[in-house]
Amino acid sequence: MHAVLLLLLVATAQDSSTAALERRAVTTGVLATTIPVAAGLMLASSSDDYNNQAAAGLVLTFGVLVGPVFGYGEAGISGRGWEGAALRTVTFVGGTAAAIAICGEYCSGDQEQAAMMVFRVGLLLTMASVVYDLGRLPHNIRAHEAKRRLTIAPFYSPGERRVGLGGHFTLSSRGLGR
């Protein structure tokens with residue numbers, strides 16, 4: 001009976017600490033994304049000065065491309081966060097480069113429309129990656145925590161007529177799950 005109670009207490013403690021980690025990591029990731037985006041939008045709308053517009057673009061782009069990484073870092077799985085940042089960078093830069101390649105330095109109305117469509121698709125894919133990474137963060141944390149688990153279970157050895165507790169500790173950072 002005591003072993004079962006102990007097993008339940010260990011399982012509950014692990015679940016509540018994982019839930020707290022999930023909340024903290026998601027909050028960190030969302031804030032690290034939205035604060036630079038909001039600051040960039042406010043800076044962009046406050047002035048027509050080219051330098052302010054460039055700074056606003058850099059701040060906003062940083063929030064979109066790197067913001068979710070902070071949530072993954074909070075959870076101790078920053079490698080997965082950097083994979084998402086690399087994907088967002090490729091889609092953003094790829095969409096921008098393709099739009100520039102379509103239009104070039106001078107473009108007609110049709111070329112400009114095509115370039116803007118390609119740029120918007122790249123931007124949409126980039127934003128979808130932000131939403132996906134932040135939405136999958138709790139799952140990725142649970143998958144990672146499942147790899148690092150302390151398991152305690154009662155056992156009975158009929159040959160020796162003994163009852164006891166057995167334990168197993170797993171520590172692995174491979175296969176983070178997506």
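**Briefing on a predicted helical and stranded chain**

Met117 lies in helix α4, which spans residues 109–147, and together with Val121 and Leu125 this residue forms a nonpolar patch on the surface, with about 280 Å² of accessible area for the three side by side in the count. The model is predicted, and the chain holds 4 helices and 2 strands, which follow one another along the sequence in the pattern α-α-α-α-β-β.

**Confidence**

- Across the chain the pLDDT averages 82, and 81% of the residues score at least 70.
- Confidence is highest in helix α3 (residues 78–103), where the mean is 93, and lowest in strand β2 (residues 162–170), where the mean is 70.
- Residues 1–14 have a pLDDT below 50, and this stretch makes 10 contacts in the model beyond near neighbours in sequence.
- Residues 173–178 also have a pLDDT below 50, and for this stretch the model shows 17 contacts beyond near neighbours in sequence.

**The chain as a whole**

- The chain has 178 residues, of which 29% count as buried.
- Among the contacts in the chain with a separation of 6 or more, 63% are between residues 24 or more positions apart.

**Arg88 in helix α3**

- Arg88 is placed in helix α3, the element in which confidence is highest.
- Arg88 counts as buried because its relative accessible area is 0%, against a cut-off of under 20%.
- The side chain of Arg88 reaches the backbone oxygen of Val64, at 3.2 Å.
- Once neighbours within four places in sequence are left aside, Arg88 is in contact with Val64, Leu65, Pro68, Val69 and Gly81, and also with Thr126, Ser129, Val130 and Asp133.

**Glu22 in helix α1**

- Glu22 is found in helix α1, which runs over residues 2–46.
- Glu22 also counts as buried, because its relative accessible area of 14% falls within the cut-off of under 20%.
- Leaving aside neighbours within four places in sequence, Glu22 is in contact with Pro138, Ile141 and Arg142, and the helix α4 range of residues 109–147 takes in these positions.

Definitions and conventions
Residues numbered from 1 in each chain as written. Predicted model: local features only at pLDDT ≥ 70, side-chain atom pairs only at ≥ 80, totals over all residues. Heavy atoms only, no water. Buried < 20%, exposed > 50% of the residue type's maximum accessible area, 1.4 Å probe, protein only. Contact = heavy atoms within 4.5 Å. pLDDT = per-residue confidence, 0-100. Patch = residues over 30% accessible without salt bridge, like charges linked within 9 Å, V, L, I, M, F, W, Y side chains within 5 Å. Areas by Shrake-Rupley, 256 points an atom, 1.4 Å probe, with all protein chains shown as cover. Salt bridge = Lys/Arg side-chain N within 4 Å of Asp/Glu carboxyl O. Polar contact = N/O pair within 3.5 Å; in protein donor to acceptor, adjacent residues only side chain to side chain.
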